[in-house]
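Hello,

Please find the structure below. My notes on what was found in it follow.

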Amino acid sequence: MADKASLAARARVVREVLRSYFYVLVWMSISISVILFNKWLLAYSGFPFPISLTLWHMAFCTMVGTLAVRVFKVVKSHNMTRRDYIRRVMPIGMLYAGSLWLSNSAYLYLSVSFIQMTKSLMPGLVFASGVFLGTEKFSRGTTLNMLLIAFGVLVCALGEQNLVFKGLLQQLAALQFEAMRLTMVQVLMNSKGLAMNPMQSLYYVSPACFICLFAPFLSVELPHLMTHSDWTFNPSIMLANALTAFILNLAVFLLIGKTSALTMNIAGVIKDWMLIFFSYYLFKAPLTRLNLAGYAFCCSGVFVYQYMKLQAIRANAAKATAQNQGPPDEEKMIGSGSKRHAERSKEDILSEIRRLQAEMSQLDARVQGSGKAFSMHGMQDSHHHQGSGLNDGSSGNHNESMPAGGGPGSQKG
């Protein structure tokens, strides 16, 4: 029986592991597809309008998020007030709009492989934003590690044959916007107990992002769309692009809780390497040894950073567990001591009552004996001593009532 139970437990573990890695594989595949699809759509399909594409994505996500939260109630709503939405969601939507606009614009000038290499800067930018906003503590070791990653990205840039400075600036600005967005999510949302899953993010952030993108769309791209005809628009392709972006959010939603953060980070690095080689084979983006050497250096720095962060999280968790399982709390000790003291006091009171009852019995016996002796001296004297006996009895009753109150002075009476 024990062997069968052990085999069944192992089979369950294997199934869970396979399921987790299946979700990771699905996420990696869809993520790669979305990035390559956006690159092709913006750079090769005749629709070089990153703001319009992002605006369309946000409109589609707003519609899907509203259906998921309000109509089908797949996930719950936070029921935010208008004031909370403006204060907490709109800044995040503004940063997200800038990040998407600039990152999609960079596809017009840079290769997918080089864009993925620059994303190695994200941990450092998030760390710097966290230190600036007070969500992270400054650490020399982490700062040195981030500088080494930045050096690796610089090596990648030196090895990039088709480097366009405008595209590089757009990509770096997009990364900074994204780092600030992630930090602001922690400051404005998570710290207030308003953590969101991807479906809730679609519902809340997409409308804010749409609003923030509408003004640059009117001023930057709409005039060109109205006055030029050198572009093509295919509704089926645009719908397919929006659907793949939504499916990616759905994959992330399903992946949450199915695997660890470390597995996700490792899968992300593998995905980036796959994108580099897909870009090389699909779009003929040139790769040099200096590119690959710089990116390998970046990946090692990212792994070290993630390892340091994981160790810090484990140390904090162990410390919290030790505090919860530490020596008994002083209040609990005082409480248990008070309980024992109360129990002892009850026993003392009961023994005192029994002692006083015994004394009362003795007094009653004396009263009865005195009554018999005095009965021969007449009725008047008998009544006098019986009154004296009643007084003694009342005195005994008084003494009996005092210990019940727990006062030590009752013994003196």
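**Helix 9 and the overall fold**

The buried residues of helix 9 are Met238, Asn241, Ala242, Ala245, Phe246, Leu248, Ala251 and Leu255. Buried means under 20% relative accessible area, exposed means over 50%, and partly exposed is in between (1.4 Å probe, protein chains only). Helices (H or I, at least four residues) and strands (E, at least two) are DSSP runs, numbered from the N terminus. Helix 9 has 21 residues and spans 30 Å from its first C-alpha to its last, close to the expected 30 Å; the expected span is 1.5 Å times one less than the number of residues.

This is a predicted model, in which local features need pLDDT of at least 70 and side-chain atom pairs count only at pLDDT 80 or more, while totals for chains, interfaces and linings use all residues. Residues are numbered from 1 along each chain as its sequence is written, and side-chain values use heavy atoms, with hydrogens and water left out.

The protein chain has 14 helices and zero strands. Of its 413 residues, 37% count as buried.

**Salt bridges**

Side chains of opposite charge can pair when their charged atoms come close. A salt bridge here is a side-chain nitrogen of Lys or Arg within 4 Å of a carboxyl oxygen of Asp or Glu. By this rule there are three salt bridges.

- Arg19 and Glu16 meet at 3.6 Å, N to O. They are about one helical turn apart because three residues separate their positions in helix 1. Arg19 is partly exposed at 40% relative accessibility, and Glu16 is partly exposed at 43%.
- Arg88 bridges to Asp84, with the closest N and O atoms 3.9 Å apart. Both lie in helix 3, four residues apart, about one turn of the helix. Arg88 is buried at 13%, whereas Asp84 is partly exposed at 25%.
- Glu178 and Arg181 meet at 2.7 Å, N to O. These two are three residues apart in helix 7. Glu178 is buried at 17%, and Arg181 is buried at 16%.

Arg181 has another contact: its charged end sits over the ring of Tyr96, 4.6 Å from the ring centre. A charge sits over a ring if NZ of Lys or CZ of Arg is within 6 Å of the ring centre and within 35 degrees of the ring normal.

**Aromatic pairs**

Rings of Phe, Tyr and Trp (its six-membered ring) pair if their centres lie within 6.5 Å; planes under 30 degrees apart count as stacked, over 60 as edge-to-face and the rest as tilted. The whole structure holds 15 aromatic pairs. One of them is Phe49 with Trp231, edge-to-face, at 6.0 Å centre to centre and 90° between the planes. This pair links distant parts of the chain, 182 residues apart: Phe49 is in the loop between helix 1 and helix 2, and Trp231 is in the loop between helix 8 and helix 9. Phe49 is buried at 5%, while Trp231 is partly exposed at 26%. Ring pairs also link Phe47, Phe49, Trp231 and Phe233 into a cluster.

**Nonpolar surface patch**

Leu144, Leu148, Phe151, Leu154, Leu158, Leu290 and Phe297 make a nonpolar surface patch of about 690 Å². Patches are made of residues with over 30% relative accessible area and no salt bridge; like charges are joined within 9 Å, and nonpolar side chains (Val, Leu, Ile, Met, Phe, Trp, Tyr) within 5 Å. Accessible areas come from the Shrake-Rupley method with a 1.4 Å probe, and for residues only the protein chains shown count as cover. Helix 6 gives the most to the patch, with five residues.

Regards
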